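Please read them with the structure open beside you.

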Amino acid sequence: MKLRILHRTEYRYALPVRNNTNELRVTPLTNLRQKLGLHLVRVLPAVRMRRYPDLYRNSVHLFEIEEPHKELVIDVSSVVETLATPVSAIPTDIPLAAVRAEDVIESFQPYLQSDGPVQVTPEIWRAAVDVEQERRDVFSTILGLMEYVHATSKYTPGATHIGTTTPEFFADRRGVCQDYAHLLLSLARAIALPARYVCGYVYDAKRGDVIGSHASHAWCEFWVPGYGWLGVDPTNKRLINEAYVASAVGRDYRDATPVSGTYWGSGDREMRVTVHVESK
């Protein structure tokens, strides 16, 4: 499937700001299931950007606007060709002990830690163990955790904020795709399943069939021995397919934030994000 993605981020400042430094992680990844074609990043006010890969091999654009300004617009246009997830190739008989071997724990240590917004509490650990006890292999356990998050949570925009932690979301169960993904990561790390956060986009062919398609979307990837990274979307309770485009990965949202930065200035700030994904 060939997808065209338009992602616009607009900032309006009540008073002029300066030294506005930003990092962008908005470049779709190139890997076994997706290939980046045309890609253009434009910033107004015009500024020179520096590009580099971060620790998780995400492509980062860095820029700083020194002069005073009251508006910042970031336009990103991408064309990506995606492939279907090879479901038939997913091993369904890998025992849980395989992901708890010393070499796996050493290789995937960053994706096993309780840290920042992804925290493991006794209550979250208990929920994860209850799901694990009903499963016998890695794949079915992943599906069980995903189904648990989907069944016990309610998609409610505005109920949480960017800094909401998994214990806070677990107590209320109302939030958005970021909260769903963080809780799934927390459950996975509670029982030592290597898993990472993914930020990207999803194409909704039926315009209303996929939750979270109107903005940047979030899901998770689990490491499955003999297969690689397997993506699952707890918000929509499905395996990742050719409608999904990943732009950044990491331990949690902090590592994959599309736009992050700082500036000098005071007064109110208004932010607006517009995402449009279409099939070519």
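1. In this predicted model, the contact between helix 2 and helix 3 brings Ala127, Ala128, Val131 and Glu132 of helix 2 against Thr141, Gly144, Leu145 and Tyr148 of helix 3. By class, the residues of this contact divide into 5 nonpolar, 2 polar and 1 charged.

2. As for the geometry of that pair, two packed helices are described by the angle between their axes and the distance between the axes. The axes of helix 2 (residues 122-133) and helix 3 (residues 138-152) come within 9 Å and cross at roughly 130°. The crossing in which helix 2 passes helix 3 is right-handed.

3. Turning to the sheet, its 5 strands form an open arrangement in the order 11-10-9-8-12, with antiparallel pairing. Strand 11 (238-239) and strand 12 (244-250) stand at the edges and have a single partner strand each, so one side of each is left without a neighbour in the sheet.

4. Strand 8 (residues 195-202) is joined to strand 9 by 6 bridges, the two running antiparallel, and within this pairing alanine 195 stands opposite phenylalanine 222 of strand 9. Strand 8 also pairs with strand 12 in the antiparallel sense over 6 bridges, where tyrosine 197 has glycine 250 of strand 12 as its bridge partner.

5. Strand 9 and strand 10 (residues 228-233) likewise run antiparallel and are joined by 5 bridges, with cysteine 220 standing opposite valine 232 of strand 10. The hairpin that these two strands make has 3 residues between the strands, and there glycine 226 takes a positive phi near 85°.

6. Which helices lie across strand 9? Helix 3 lies across strand 9, strand 10 and strand 11, and runs at about 25° to strand 10, while helix 5 (residues 177-190) lies across strand 8, strand 9 and strand 10, and runs at about 20° to strand 9.

7. Why is strand 9 described as largely enclosed by the rest of the structure? Of the 8 residues of strand 9 (residues 217-224), 7 are buried, so the strand is largely enclosed by the rest of the structure; buried here means under 20% relative accessible area.

Conventions
Residues numbered from 1 in each chain as written. Predicted model: local features only at pLDDT ≥ 70, side-chain atom pairs only at ≥ 80, totals over all residues. Heavy atoms only, no water. Buried < 20%, exposed > 50% of the residue type's maximum accessible area, 1.4 Å probe, protein only. Helix = DSSP H or I, 4+ residues; strand = E, 2+ residues; numbered from the N terminus. Pairing = 2+ DSSP bridges. Axes fitted to C-alpha atoms, helices over the stretch in contact; angles between N-to-C directions. Left-handed = near helix turned anticlockwise from the far one by under 90°. Contact = heavy atoms within 4.5 Å. Nonpolar A, V, L, I, M, F, W, Y, C, P; charged D, E, K, R; others polar.
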